[in-house]
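Look at the sequence and the model below.

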Amino acid sequence: MIIKTFRAETSSAALKRVREEMGGDAIVLKTTQESGALGRIIYEVTACLENPTVGQSSKIFPDENKSVPAVEKKPSVPSEKEVQANPPSVDVVSGDIWQKRYEKLELKINTFLNSDTVNQKKDDSPFSSVVEQLNAHDFSQAFIEEFRAELEESYDGSDDVIIFAKLKLAEKIIQYTTDDFSLEIGDKLAVVGPAGAGKSSIMGKLAASLVIKEKKKVTLLTLDDVKMGAYDETAAYAEILGADYADNRTAVESSHNNETITLIDTVATPQIIENIVPINDKLDAIGTTYRLAVFSAIMRSKDVAAMTEQMQAIHPTHLVITKTDMTDCLGTLITAAHSFDLKIVYTTDSPGGIGELHTPQVEKLVNEILQVEAASE
């Protein structure tokens, strides 16, 4: 484990040094600021890397890893008096002394991390309450540190702290939302994502909206040959809506129909990237127009961020967040958008296949996150 403090004139610059030297697995322990020369503010960010590689250690502490050419010396034979006066240490001879030193150092580091020292450190930032709310809503640490740095750099003290944070958070979230997503005849849309996220339900809701509200023809396809009952579920949706239906065996041929909007359900995204290739190839063969990545709001932000590499291998174009009524934490929505740099087109709080798809309401999201609706009116 490595702990290091980085200093810079801005908190974003210090965080940039953390990422450059420690990489994306670094954990930020604390952020402080102090007055430097000529009254300038110096920002300090202390971060740790739990399992550094040799290359990372060399990059973080280059001077300590430089090798010194060994000087060959002829072994000397101590006299009997010298041996009696200075008996050889078992630790030195066996090399155990270095192991003991390492164990002591590791014990001190673990004691420090497991104590409340970091959490008890007074946060003098005017935005400490904002950070607390973001943590309570399970925002990713990457988003929190980035947003906090932006607040501290742009705040001049003339506005109320909470109102200022609300406006800035709204500006941030609006980058990741859209309310003008629509489908036209000939479009082919696939829903992708992890198991249990609600892909089939999203396809059903979207199909119902297109057929009942927009009076458009749809074709339902399923590529899921793993989940029990996947074919029957899709066929049932199609029968209820009077839509065409096809399964994995005839999906490519059926997708050639450009007189309908084609909605495609897919198998749960595998953990191994190599296993995603066949799914991606099938969607390429179908010629998808859009690929909606579906995530459940009850997933932890850390888990969503960890899936970024796998999900990017299937090339999603937009995001959908489901089960928003099953949690009070809204961090997953923004963590997903921030991690994938994609816009959220729909949210839904209905677990079944029938129900409304909602477009994200930025002001409502911000008010619920910061709990400032009453104060802002």
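## Ground rules

Helices (H or I, at least four residues) and strands (E, at least two) are DSSP runs, numbered from the N terminus. The model is predicted: local features need pLDDT of at least 70, side-chain atom pairs count only at pLDDT 80 or more, and totals for chains, interfaces and linings use all residues. Residues are numbered from 1 along each chain as its sequence is written, and side-chain values use heavy atoms, with hydrogens and water left out.

## The sheet

Start with an open sheet of 7 strands. Its order is S6-S5-S7-S4-S8-S9-S10, and the pairing is parallel. Two strands pair if DSSP finds at least two bridges between them. Strand S6 (244–246) and strand S10 (344–347) are the edges, each pairing on one side only. On average, neighbouring strands are turned by 20 degrees against each other, direction ignored. (Axes are lines fitted to C-alpha atoms, for helices over the stretch in contact; angles run from 0 to 180 degrees between N-to-C directions.)

S9 and S10 run parallel, joined by 3 bridges. Ile321 has Thr347 in S10 as its bridge partner. Helix H16 (residues 331–340) packs on the sheet and touches strand S8 (290–296), S9 and S10. The direction of H16 makes about 160 degrees with that of S9.

## Thr322

Thr322 sits in strand S9 (residues 318–322). Is Thr322 buried or exposed? Thr322 is buried, with a relative accessible area of 4%. Buried means under 20%, exposed over 50%, and partly exposed in between (1.4 Å probe, protein chains only).

Beyond its neighbours within four places in sequence, Thr322 is in contact with residues including Ala197, Val294, Phe295 and Thr348. Contact means heavy atoms within 4.5 Å. Tyr346 is 24 residues from Thr322 in sequence, and their C-alpha atoms are 8.3 Å apart.

In H17, Val362, Leu365, Val366, Asn367, Ile369 and Leu370 are buried. Gln371 follows H17, and its phi is positive, near 55 degrees.
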